[in-house]
Amino acid sequence: MKKVTWPKHSVLVIAIIATWLTTYFGYITSFNMKIDNVMQEFILFMNPLSFLLFIYGLALFIKSAKRRNIYIFSVSLVTSIIMFSNAVFYRFFSDFITLPLLFQTSNFGDLSSSIGANVHLMDITFFADVIIVALAVKFIKTSESSSSISQRSIGRKLYFVVSATVLMINLGLAEAQRPQLLTRSFDRELLVKNIGTYNYHIYDLFIQSKTHAQRALADGSELTEVANYINANYAEPDPEMFGVAEGRNVIFVSLESLQNFVINNDMNGYEITPFLNELTKDSDTFYFNNFYHQTGLGKTSDSEFIVENSLYGRNGGAVFFTNSGNTFNSMSNRLGENGYFTSVMHANNRSFWNRDIMYQALGIQKFYDVESYTIEEGQAVNWGMKDIPFFEQSVEIMKTMPQPFSTRMITLTNHHPFDLDEEDMIIPPYDSNSKTLNKYFQAVRYMDEAVKIFFDDLKESGLYDNSIIVMYGDHYGISENHNRAMGMYLDKEITPFDNVELQKVPMFIHIPGYGKGKTVEELSGQLDIRPTVLHLLGIDTKEDMQMGADIFSPDHEPFVIFRDGRFVTENMIYAHEVCYDVNTGEETDGEACEPYIERATNELGYSDLIINGDLLRFMYNEEE
């Protein structure tokens, strides 16, 4: 086929249009972004254009046609990889990639099974523009311009003026739809929906650079405002509950990916969590049925960080990676000060989520990692050691610990993609269009059986009577990408309101011999675990820099904030800029949510200030 002679910059124009349309097609097919009106749809359509005009436009400064085409092809390839990577990430996390995540390379190998499960055949469409550009480069012959140097210079200036104008129009329309978009939003999906994936990543680079500068500029004066806020919201412990478990061992069990909707529920007639269901009615157990996880992109590591510190994880990364050199006043530190031996038990690589370094910063005295366990043939699946042998061997390790001890056990089997060996499938799979949800019920049922065996082993070991057991779901297991299948299971259409409700995870505090347990309906979240447990152990937290509050306190405020800015109150749920009635799920007057929006923004900001500025070093390090 002969090359056709086209105008000089034809390949450039084709590349811009091809990548623009490919990006928009990716938006509407691979990302579940809520569009409320025609203007939002128009913004979504136009938002890739300003960046593409600019980045492709740099080719105008390349004189050689061959080098210019290589540059254009490279840009199309890189932008396609960016979109593809975000799509795969979004399918599991319902979020977009941030800069700190790209440096978590030690996690990549362990994440391979989850990544593979989220790659779809249709993802080839993300590279449609690359194919079009390659064909254009191969078969289009361009004519060389006869214009003068000054004319070319004027043409380039006009081109970039157009690019800047498109960006200003985009930002103006976005600001009209979402005032203070770039200063008030913790929601990356909202940013992408308004300014585009490519501009979002540039904005993220700016935010991360600003964050790193905060520590260098911090001098401790910021602590006064933060401390005043925390002190004003401190909840005095209930005298009847303070110290009821004083001196006992405390065993935390982080229940991987366990959501509350499976508790006291069934799947096609099969009980999903029979043992945990029994605990909800046990007289020695407090079951918290209105309890939310508050994790961000750090998932399990965020859950650990929140439980230890009663602070929020970082917006856009995992504190375990980005701030492991900080000073913290963790729950493990407080327990250690009160004579406890502190540890974590997790049959995974010690470097995953940077745990080997972060645990030292948290004052954890011993980490029982995969090297502390014997994994026989058939005892590992999916991410590692199965929960039943993990619990069995962990109890044997506990027998050797000095008492009183505090240990956190992190389970593995109920992790995406929820694969099980056939002999561990106690119930059949579900029958929806989502393989993930279908397998989830089976994995949860196996974990429930493992917890039952764990309780039996504790009783046989002699540790049970002098311990309290705190169990909680660490984060969601079924992302919004599976809303259609969840709607089939719950027999309803899943809305943003329902997506918030589905962030509930179960929490149990089991105190053997206590006899006054009950279902606690108080609205609460993971940030409340630290003060609640320390108070049960008789340890005061009034001077601690913590955002959560004792759930048993009469002063506990029913207000839960998510890392992305969503929140729940007694009467309202705020999600995707819409205020919902908590009882009906219907949209309600947005003005009612306004005071809470400001409160949520401030609280997240204060937590970020503590972490990004490493402010606690000024309280606990004398040399600072």
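Q: How many disulfides does the structure hold?

A: A disulfide is a pair of cysteine sulfur atoms within 2.5 Å, and the structure holds 1 disulfide. This is a predicted model, in which local features need pLDDT of at least 70 and side-chain atom pairs count only at pLDDT 80 or more, while totals for chains, interfaces and linings use all residues. Residues are numbered from 1 along each chain as its sequence is written, and side-chain values use heavy atoms, with hydrogens and water left out.

Q: Which cysteines does the disulfide join, and where in the chain do they lie?

A: Helices (H or I, at least four residues) and strands (E, at least two) are DSSP runs, numbered from the N terminus. The disulfide joins C579 to C593, with an S to S distance of 1.8 Å; C579 lies in strand 20 (residues 578–581), whereas C593 lies in the loop between strand 20 and helix 22 (594–612), 14 residues apart. The link of C579 and C593 is right-handed, with 70° about the S-S bond.

Q: Is C579 buried or exposed?

A: Buried means under 20% relative accessible area, exposed over 50%, and partly exposed in between (1.4 Å probe, protein chains only). C579 has a relative accessible area of 3% and is therefore buried, and C593, at 0%, is buried too.

Q: What is the strand order of the open sheet of 8 strands?

A: Two strands pair if DSSP finds at least two bridges between them. Here the order is 9-8-12-3-13-14-6-15, with mixed pairing, and the edge strands, each pairing on one side only, are strand 9 (366–368) and strand 15 (519–520). Strand 8 (residues 341–345) pairs with strand 9 in the parallel sense over 3 bridges, and K366 in strand 9 is the bridge partner of S343.

Q: Which residues have the most contacts inside the largest nonpolar core?

A: A nonpolar core is a set of buried Ala, Val, Leu, Ile, Met, Phe, Trp, Tyr and Cys residues joined through side-chain atoms within 4.5 Å. The largest one has 55 residues, and M398, F441, F454 and M471 have the most contacts inside it. Helix 18 gives the most to this core, with 12 residues. Another core lies apart from it and has 45 residues, among them F328, V344, L527 and M547.

Q: Which residues does M471 touch?

A: Contact means heavy atoms within 4.5 Å. Not counting residues up to four places away in sequence, M471 touches several residues, including V253, L255, V451, F455 and F508.
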